[in-house]
Every structure is written in structure tokens, then in C-alpha cells.
Amino acid sequence: MNFTIKLTSSENSFSMCKNTILFFLVANPLPTIFIAIFNDLMETNLSTELTETLACPLCGANCFTVMKPSNYPIGLTHDNIVKIYSASSDRGLFDQLVKCRECSLVYLNPRIKAEFILESYSRAVDPTFIQQNSQRIKTFKRILNRLIHRFSLKTDGRLVTLDIGCAGGAFPKAASDCGFKVVGVEPSVWLAEQARNLYGLDIRTGTLLAQDFRENSFDIITLWDVIEHLTNPGQIVEKVHHLLKDEGIFIVNYPDYNSLARKLLGNNWPFFLSVHLIYFTPQTITNFLGKYGFEVIEIRSHWQTLEFGYVLQRAAVNFKVFGPVVDFVKLLKMDKLPMTYNVGQSLLVARKK
Ligand SMILES: [Zn+2]
């Protein structure tokens with residue numbers, strides 16, 4: 001199992017060497033020798049110029065259990081990193097995964113330096129992600145309609161929604177169509193521009209902390225597929241607390257480390273990616289938000305609708321068997337069909353305490 005992970009997380013430039021080793025593995029009666037050679041070609045440590053060590057983002061402790069050791073592709077450079085940390089990166093997890101012995105938070109440590117990750121997000125260009133916008137908008141409208149009824153939200157254009165990390169603007173568009181005033185914030189210059197051009201909405205380029213929003217000015221604040229990417233989740237959640245009105249709601253989705261999907265898929269869980277820096281459970285995210293003054297009202301499964309072909313393509317990153325299926329589905333012209341799925345994502349609603 002460990003060997004498979006190493007294969008999925010290796011660099012393209014390394015693939016020829018990898019395939020040669022694989023050939024010998026199949027042909028040789030003593031594969032362990034070659035596994036040893038293969039291991040020598042991976043790096044367990046990366047230059048401290050590229051990585052940083054951090055205390056537990058939830059409790060500040062420095063004691064942890066290693067859940068999976070690091071496995072950096074050999075020769076990883078600053079330029080590779082900037083390419084990898086884009087919005088829908090499908091690079092397998094290569095940083096060390098640890099679990100805090102004090103509070104049980106699972107997170108990457110050491111990890112790639114925050115400044116490089118932020119640089120990557122600001123430069124992200126992701127046309128494939130944008131192509132799924134219509135399905136994302138449908139997903140968000142379905143979720144919003146449930147929330148409108150659940151929390152008796154008014155849809156007369158007076159409630160103001162802030163979407164942090166709005167990517168190509170799918171949520172702002174859905175929220176606008178559902179009768180909310182919207183503002184989006186997106187660090188990627190390209191994605192923010194796409195969002196503005198596509199929907200003509202108020203989308204600000206940059207990080208949340210770089211904006212000058214007034215305190216207590218938003219009724220709804222959302223983080224869609226964002227919290228696990230944040231290098232400074234505490235600062236962001238604290239800022240959300242300042243920006244949200246007292247009666248406002250905070251909506252977050254996250255890949256749930258305690259989900260059945262994660263337990264069943266093990267190291268092949270598709271959310272194990274180097275771009276995902278924190279892996280919350282219902283308990284650790286409740287404690288995390290609680291630390292910054294939020295009370296969790298509900299946590300439920302998050303079901304996402306995307307095109308069948310796109311979902312298969314993403315699945316093929318971890319399960320090579322789906323590779324040929326992607327082409328077959330395209331041949332049958334079934335790749336554009338909507339597919340609603342859950343592989344362990346949860347949706348959380350919180351209010352200020
Ligand atoms: Zn901790």
C-alpha cells in the first residue's frame with residue numbers, strides 16, 4: 001500500500017525511472033531489493049528553505065503522532081511547488097501527515113512554506129475548474145434553498161453574503177440568483193477576473209485579510225472547499241467572526257477525516273492531497289470554530305453535483321483503473337451527465353456564540 005502512494009506522488013520527470021523500476025519489480029524474483037532502490041530515489045526530507053514546521057493549529061501543542069511520513073518527489077523545487085498548489089490540484093499527498101496528541105487534530109507538519117502556497121494560489125489558472133461552474137451553481141442553489149427554509153432567510157436582496165475563496169464565482173452567482181446581495185473574494189487573479197466577466201458580480205481579487213470590509217457587515221459568510229487549503233485558518237475564522245453580524249450564519253464545508261469514505265478508502269481517499277493542509281473531524285472543527293467564538297448548529301453530509309466525466313477523471317488520480325473508463329464514457333457521450341456524489345465531505349453551519 002505504501003509503495004502505491006509513492007508511485008502516485010512522484011514527479012513526471014521521474015516517471016521513466018519509475019517505470020523501469022516497476023518492470024524490474026515484475027520481472028525480478030527479489031522485488032524487495034528494487035523497493036529499497038526505489039525508496040532511495042524518494043526524499044523523506046525537503047530543504048528547510050521550502051518547508052516550515054508548525055505547532056498544532058488548534059491547541060498549539062508540539063507533540064504528535066506521524067500518521068504517514070513525508071514522501072517528496074525528488075528534486076522538488078520552488079517552481080514545481082508553485083505549479084502544484086493551484087485550486088484543483090490533484091497531486092497526491094507528499095508532506096508528512098500528523099495527529100496532535102493533545103487535541104487529535106490531523107494536519108500536515110512540516111509543510112511547504114505558506115508564502116509559496118499563497119504565491120501559487122494567486123497565480124492559479126484553472127479552465128477545467130471553471131467548466132464545471134454550471135453544475136456547481138446547481139449544487140449551491142439546492143443547498144441555499146434548504147438553508148433559506150431551515151433558517152427562514154429573507155431573499156429580497158437585503159441579506160449580504162460574503163464568499164471567501166470564491167474561485168470562478170459559482171457560489172456568488174447562485175446566491176445572487178437566490179435573492180442575496182453578494183461579495184466574493186478570490187486570491188487567484190485569473191479566477192477572480194473570470195468570475196467578474198462571467199457574472200458581473202462584486203468579486204475582489206486578493207486574500208480576505210487584504211480587504212477593508214466593515215465589521216458586522218455580513219449576514220452570511222461561506223467557505224466552500226477552502227478551509228482545508230488555508231495556511232492561517234485561525235486568522236481567517238477570527239476575521240469571519242468580526243465581519244459577521246451577530247445573528248449571521250457561517251457556512252463551511254470540509255473533507256471529513258472521520259467519514260466512512262476516508263476509512264474505507266484509506267490512503268486512496270481522494271482528499272489526501274498536498275494542497276489540503278488540515279483534516280478536520282466533526283469534533284476538531286467544532287473545537288476549532290469554538291475557539292474563535294462560534295457555536296456549531298449542524299453538521300451533515302455534503303453532496304456535490306459535477307459532470308460524470310470530470311468526477312471520473314479526478315477519481316483516476318487515485319484509481320488508475322478509471323483512466324480507460326474516462327475515454328469510454330466520453331465515447332458514449334455520457335461525460336457531461338450530472339453526477340451527485342459524496343466521498344466524505346461534510347457541511348457545517350455555525351453562529352456566533
Ligand atoms: Zn492539538
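1. The buried residues of helix H8 are Ala170, Phe171, Pro172, Lys173, Ala174 and Ala175; a residue is buried if 20 or more other C-beta atoms, placed from the backbone, lie within 10 Å of its own. Helices (H or I, at least four residues) and strands (E, at least two) are DSSP runs, numbered from the N terminus.

2. The model is predicted: local features need pLDDT of at least 70, side-chain atom pairs count only at pLDDT 80 or more, and totals for chains, interfaces and linings use all residues. Residue numbers start from 1 along each chain as its sequence is written.

3. Helix H8 covers residues 170-177, and because six of its eight residues are buried, it is largely enclosed by the rest of the structure. The cover over these buried residues includes helices H7 (133-150) and H9 (189-199), together with strands E6 (160-164), E7 (181-186), E8 (202-205) and E9 (218-223). After H8 comes glycine 179, with a positive phi near 105°.

4. Strand E9 also pairs with strand E10 (residues 244-255), in the parallel sense and over five bridges; strands pair if DSSP finds at least two bridges between them. Phenylalanine 218 has leucine 244 in E10 as its bridge partner.

5. Strand E10 and strand E15 (residues 345-352) run antiparallel and are joined by seven bridges. Opposite isoleucine 251 stands valine 349 in E15.

6. For the protein chain as a whole, the secondary structure comes to 14 helices and 15 strands. Of its 353 residues, 40% count as buried.

Terms used:
A residue is buried if 20 or more other C-beta atoms lie within 10 Å of its own, exposed if 12 or fewer, and partly exposed in between; C-beta atoms are placed from the backbone. Two residues are in contact if their C-beta atoms, placed from the backbone, lie within 7 Å.
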